[in-house]
Amino acid sequence: MTRVAYTHQIQELRDAVVSLASMVDKAIARSVDALKLQDVQLAWDVIRSDAAINRQRWQTEERALLIIATQAPMAGDLRTIAAVIHIVTDLERMADHAAGNARIVVQTAEEPLLKPLVDIPRMSELARAMLADSITAFIQEDADAARAIVERDDEVDELYDQVYRELLTYMMADPSTINRATHLLWAAHNVERIGDRVTNICERVVFAATGTLEEMAVSTY
Amino acid sequence: MVMQQQTGTDEGIRVMPGLTAVERPEPSYAEATVISIRDLNVYYGAFHAVADVSFDVPKNRVTALIGPSGCGKSTVIRCINRMNDLIPSAHVEGQILYHGVDVNGAQVDPVEVRRRIGMVFQKPNPFPKSIYDNIAWGARINGYKGNMDELVEKCLRDAALWDEIKDKLKQSGLALSGGQQQRLCIARALAISPDVILMDEPCSALDPISTLKIEDLMRDLVRDYTIVIVTHNMQQAARVSDQTVFFSLNERRQGVLVEASPTRQLFTNPSDQRTEDYITGRFG
């Protein structure tokens, strides 16, 4: 087989995406745990870990540019590399949303939770499952699987609607809850955006596999 | 790559301006076709070297022939202007239609074919004459009666060589650098008003800067001519051509056409796995 070193470089690039996705998934999980438990220590861990995620994102992008500069990738390789550059951007933004939720914990931990969190953790589970499946679809170059994942974002969006309505009723019933309710709304919005970012990843997976750029599941928000 | 909008809006497909250095619409086969090759088979003696090749060469476009060594691309291009007539063992079957006329037809004069379909070779081969006479000689023997000085200047300008040698026209063509010699050969080909220019690895013997100058020249020349280029350099094919034709060897070691596609498509999303394997460099 020719171009062994080049093939290896492309594989390393894919591995870097998987590794970054794993870091991001952990950040999302821990940020929601911190919200549920009002755990400020855990929240600070998430905030501090964001720097490592940012570094990994830039390194992966640099690796991709280096392959373009030195190896003149074509066809499927070129599409994969272009997809990677976009995917790591979306992953990094997802981590920013997780860090945003961690900051909400730090800001609101003095007051008790308005109610035990149920819907936000459920949204997070759905989004994390979508993320894991999108990365699997990326590795397997499976456009059909990617398209199917996009449909699942509707459930995340519906839960967000539910959270929004519920928090509105809290605020209307008792204005003293507005501060906490607003922070929870932002937290839910952060998780809803994580789901949207996964659909962006799926668009890039379809592109890498087929060469077609398809706009999929435009967000309602 | 194809862009599709599925948002339900009516925006259609947008091509971003300035996306490529020279924005040119991809050739569609409704465009004028200058050369049509149909079921071309070439034999060297008993050896069946090229099998069942069919493709079209669109007018005012660059068509690149790529593929591994020995896959028949030079053989095919040499059929187009009947250069294979000069090889005693070569035998051609099938049709090579130039504006609808088979170049191998009984009534067809091969010299006239080669006047209209000029050729530039891998190793620059100017005549051992002055720069001026390299261009004037071909025009003269083809009966050119106009102002020769003007013709020589026009050809040298069209070949992007005039500014470099306008004060040295009496100098021998062989005294030029490799890149200049090759441009002189292009100017020489232009002097007899061809319709098509065939280039068989025109830049293989040249340094990178000369190569890029000739590539720029090709983009200018297609305004008035049709170009077919054989190249080993895939990046060159990707840079200069509108259509790329990929040849390979089948299991009987015959040269076959695998894919003919718009260049943008072939290098980003080829239709055939063999094309993808070749252009990504994965063999064996």
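Tutor: Two residues are in contact if their C-beta atoms, placed from the backbone, lie within 7 Å. Please keep in mind that this is a predicted model.

Student: Which residues in α4(A) do the residues of α1(A) meet?

Tutor: On the side of α1(A), the residues taking part are A:R14, A:V17, A:V18, A:A21, A:D25, A:I28, A:A29, A:V32, A:L35 and A:K36. The residues of this contact of α1(A) with α4(A) divide into 14 nonpolar, one polar and four charged. In α4(A), the residues they meet are A:I120, A:P121, A:S124, A:R128, A:L131, A:A132, A:I135, A:F138 and A:I139.

Student: Are α1(A) and α4(A) roughly parallel or roughly antiparallel to each other?

Tutor: The axes of α1(A) and helix α4, residues 119-140 of chain A, come within 10 Å and cross at roughly 175°. Angles over 145 degrees count as roughly antiparallel. The two helices α1(A) and α4(A) are therefore roughly antiparallel.

Student: What is the handedness of the crossing of α1(A) and α2(A), left-handed or right-handed?

Tutor: Helix α1 (residues 4-37) and helix α2 (residues 40-71), both of chain A, have axes that come within 10 Å and cross at roughly 165°, which makes α1(A) roughly antiparallel to α2(A). The residues of their contact divide into 16 nonpolar, seven polar and five charged. As for the handedness, the crossing of α1(A) and α2(A) is left-handed.

Student: Which residues does B:A187 touch, not counting residues up to four places away in sequence?

Tutor: With residues up to four places away in sequence left out, B:A187 touches B:I135, B:C155, B:L156, B:D158, B:A159 and B:L161.

Student: Is B:N81 buried or exposed?

Tutor: B:N81 lies in the loop between α1 (73-80) and β5 (90-98) of chain B, and, not counting residues up to four places away in sequence, B:N81 touches B:V113, B:R114, B:I117, B:M119 and B:L198. A residue is buried if 20 or more other C-beta atoms lie within 10 Å of its own. Because B:N81 has 25 other C-beta atoms within 10 Å, B:N81 is buried.

Notes. Residues are numbered from 1 along each chain as its sequence is written. Chains are lettered from A and ligands numbered from 1 in the order in which they are written. This is a predicted model: local features need pLDDT of at least 70, side-chain atom pairs count only at pLDDT 80 or more; totals for chains, interfaces and linings use all residues. Axes are lines fitted to C-alpha atoms, for helices over the stretch in contact, and angles run from 0 to 180 degrees between N-to-C directions. Helices (H or I, at least four residues) and strands (E, at least two) are DSSP runs, numbered from the N terminus. Angles under 35 degrees count as roughly parallel, over 145 as roughly antiparallel, 65 to 115 as roughly perpendicular and the rest as oblique. A crossing is left-handed if the near helix is turned anticlockwise from the far one by less than a right angle, and right-handed if clockwise. Ala, Val, Leu, Ile, Met, Phe, Trp, Tyr, Cys and Pro count as nonpolar, Asp, Glu, Lys and Arg as charged, and the others, Gly among them, as polar. A residue is buried if 20 or more other C-beta atoms lie within 10 Å of its own, exposed if 12 or fewer, and partly exposed in between; C-beta atoms are placed from the backbone.
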